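Visitor: Hello! Could you walk me through some of the strands here?
Guide: Gladly, let us look together.

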Amino acid sequence: MMEKVKTVLSLIIIIICLPYLVTFVVQGDFLHEAGQEVDGEEGADEEDTERLILLLAAQMPAAYEKEALKAQAVIARTNLAYAREKDQAEPEGMSKDEMREQLGAEKYQKRYEQLKSCVEETAGEVITCQDENIYLPYHYVSAGKTREAGDLKKDLDMDYLKAVSSPYDLRSEHFLKIEFFSKKQYRNKLRQAYPDLEFPEDDLEKMSSVSKRDNSSYVLEVDLPGKKISGEEFQSVFSLNSTCFSIKEVDGEVRIVTKGYGQGYGMSQYGANEMAKEGSTYKEILEYYYSGIDWKNFYKANL
């Protein structure tokens, strides 16, 4: 009789406890897997690799030379580390779907693997200056010479941004752009942007004139009637490729000549690609465009 009671009680206990045992086993397996992904060094690296691949895809043409892409991978990782340290918005990449749409189904896998190898072959490498994480600006094509730090970031020490010659950029189809406007068109664009100012109809110099340039010929200030604006503001009004521009009257029309594509600071991507074609390594490229820099392994430094 006692044996039957024990058997019945055992069955009741098993029935009651079974759901808890199943839950424990399932959750235990799940937590074990999650621990491998989150806590394991390899899982963290994989997550960063994916992020950097998509950043790289958004920042530089995937068809560029491998050493140029590796240089951009280091820039992407450096800027990501800087943003995280300073609690700033992280650089934006593209999604895999956007990358597939941009490259096409046939090229997507090949280009993805190429970008992946560039990220992996520079794994953990970031650039520092005086043992501090730094922000590395870059642009597509310079005006033949990159720019000094100047007033780019008044609150930051950016001595690593020195003006260097970038002669390869003159080969780019985006190096030079020439546009013509009638005086009326030119005046109307300025009036739309600055409706409170009075612009004379026929005198170009009184409508606008460049009053200040930096040592690389990028415009810092433009004089308008009763107002000074920055080169970037003028660039925005006329949708110019850069702030390295000149304004001149030619045969009764206003001619704007623009050199380069982008803000002109740091590495020229086109120049980097041409250097890579001639045998420069990614480290040589970066050390050419950024002065007095040091190399650090981000993961080892943060262990």
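**Strands and their partners**

Visitor: Which residue in β6 does lysine 212 stand opposite?
Guide: Keep in mind that this is a predicted model. β5 and β6 (residues 219-224) pair in the antiparallel sense, over four bridges. Within β6, the residue opposite lysine 212 is glutamate 221.

Visitor: Which strands stand at the edges of that open sheet?
Guide: The sheet has three strands with antiparallel pairing, in the order β5-β6-β7. An edge strand has a single partner, so one side of it is left without a neighbour in the sheet. That applies to β5 (209-213) and β7 (227-230).

Visitor: What angle does helix α8 make with the direction of β7?
Guide: From one strand to the next, the sheet's twist averages 30°. Helix α8 (residues 231-238) packs on this sheet and touches β6 and β7. Its direction and that of β7 make an angle of about 80°.

Visitor: Is strand β1 largely enclosed or open, and how many of its residues are buried?
Guide: Glu125, Ile127 and Cys129 point one way, while Val126 and Thr128 point the other way, and all are buried. Buried here means under 20% relative accessible area. β1 (residues 125-129) is therefore largely enclosed by the rest of the structure, with the buried count at five of the five.

Visitor: What is the bridge partner of isoleucine 127 in β11?
Guide: β1 pairs with β11 (residues 294-297) in the antiparallel sense, over four bridges. In β11, isoleucine 127 has as its bridge partner tryptophan 295.

Visitor: Which residue in the turn between β1 and β2 has a positive phi?
Guide: β1 and β2 (residues 132-133) pair in the antiparallel sense over two bridges, with threonine 128 opposite asparagine 133. The two strands form a hairpin with two residues between them. The turn residue with a positive phi, about 55°, is glutamine 130.

Definitions and conventions: Residues numbered from 1 in each chain as written. Predicted model: local features only at pLDDT ≥ 70, side-chain atom pairs only at ≥ 80, totals over all residues. Heavy atoms only, no water. Pairing = 2+ DSSP bridges. Axes fitted to C-alpha atoms, helices over the stretch in contact; angles between N-to-C directions. Contact = heavy atoms within 4.5 Å. Buried < 20%, exposed > 50% of the residue type's maximum accessible area, 1.4 Å probe, protein only.
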